[in-house]
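Let's take a walk through this protein together, from its overall build down to single residues. Have a look at the sequence and the model first, and then read on.

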Amino acid sequence: MEIEELSNCEALPLLSLNHVSLLCRSVWNSLRFYEEVLGFVVIKRPSSFNFNGAWLYNYGIGIHLIESPAMEDYESRPINPKDNHISFQCTDVGLVKRRLQDMGMRYVTAVVEDDGVKVDQVFFHDPDGYMVELCNCENIPIIPISACAFKPRGSSFKKASISKCGFMETVMMESLSLDMMNFSF
C-alpha cells in the first residue's frame, strides 16, 4: 500500500528497511535466539570484516549481530512495551505465548484497540536485553493522517502550506489543540 504524502519536502530515495544491527555479548547465544525463537536463517557476511559477528535474514529483513563482550547486563530490566523495540507481525499470538512459555521465557502482553479493532502484542527480551514485539498489527489498517476526519482551521494551516516542511505536524497539532479546547469548556 502506498501512502500519498502531502509534504512538498523531497524524500530520500528509500526502498525499504534492510537490516537492524545489534550489539551482543555473545554472537553464539544471540544467533541461537534469533534462529530458534524467531526463525531467522544465518546468511553469509562479507569476509572483509575483522570482528566477530553474524548476519541473519528472514521475513524480508536482516539482523546483523556484532559481538561486544563488554556490554552491560540487562537481567534486572523490566519488560516495558514503551521501550525501544523491533516488532514483527505474526499470525497466531496465542501460539507465540505458548512457545515462549515452553521455552521458559519471560514476556508481557498488551492489547491496543482502535474503533473496535484489537491488536494483541507480546513483548520479550533477546539475550542482550533488546525488546522484541510479536503482534497481529495487521488488524489495524494503515490510514494516512490526511484521510482522517478532521478539518484544519485557522492561520497555522495557511502558514504551514507556505513553509513546505512540517505541514502534517502543524495540522496534527492544530487538530489536537481543537480537541483539547472541546475538553476544557
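A residue counts as buried when its relative accessible area is under 20%, and as exposed when that value is over 50%. Keep this cut-off in mind, since we will return to it for two residues. Please note as well that what you see is a predicted model.

Let's begin with the whole chain. The protein chain holds four helices and eight strands. Read from the N terminus, its elements follow the order β-α-β-β-β-β-α-β-β-β-α-α. How much of the chain is buried? Of its 185 residues, 27% are buried.

Now for the empty space. Rolling a probe the size of a water molecule over the atoms shows where such space is left. The largest pocket has a volume of about 350 Å³. It is lined by 17 residues, and those closest to its centre are Val37, Leu38, Tyr59, Val96 and Leu134. Two elements give two or more residues to this lining, namely strand 5 (85–89) and helix 2 (93–102). Helix 2 gives the most, with four residues. Domain 1 (17–71) and domain 2 (74–143) each provide at least three residues of the lining.

One of the residues closest to the pocket centre, Val96, deserves a visit of its own. Val96 sits in helix 2. Is Val96 buried or exposed? Its relative accessible area is 14%, which is under the 20% cut-off, so Val96 is buried. Setting aside residues up to four places away in sequence, Val96 touches Cys90, Val122 and Leu134. Leu134 is itself among the residues closest to the centre of the largest pocket. For a sense of distance, Val96 and Gln121 lie 25 residues apart in sequence and 10.0 Å apart in space, C-alpha to C-alpha.

Our last stop is Ser30, which is placed in helix 1 (residues 27–36). With a relative accessible area of 0%, Ser30 is buried. Beyond its neighbours within four places in sequence, Ser30 is in contact with Cys24, Leu65, Pro127 and Asp128.

Terms used: Residues numbered from 1 in each chain as written. Predicted model: local features only at pLDDT ≥ 70, side-chain atom pairs only at ≥ 80, totals over all residues. Heavy atoms only, no water. Buried < 20%, exposed > 50% of the residue type's maximum accessible area, 1.4 Å probe, protein only. 1 Å grid on protein atoms, 1.4 Å probe; cavity = no way out; pocket = protein on both sides within 12 Å on 5 of 7 lines; lining within 4 Å. Points joined across faces, edges and corners; volume = space filled by probe spheres on them. Domains from an automatic or database assignment. Contact = heavy atoms within 4.5 Å.
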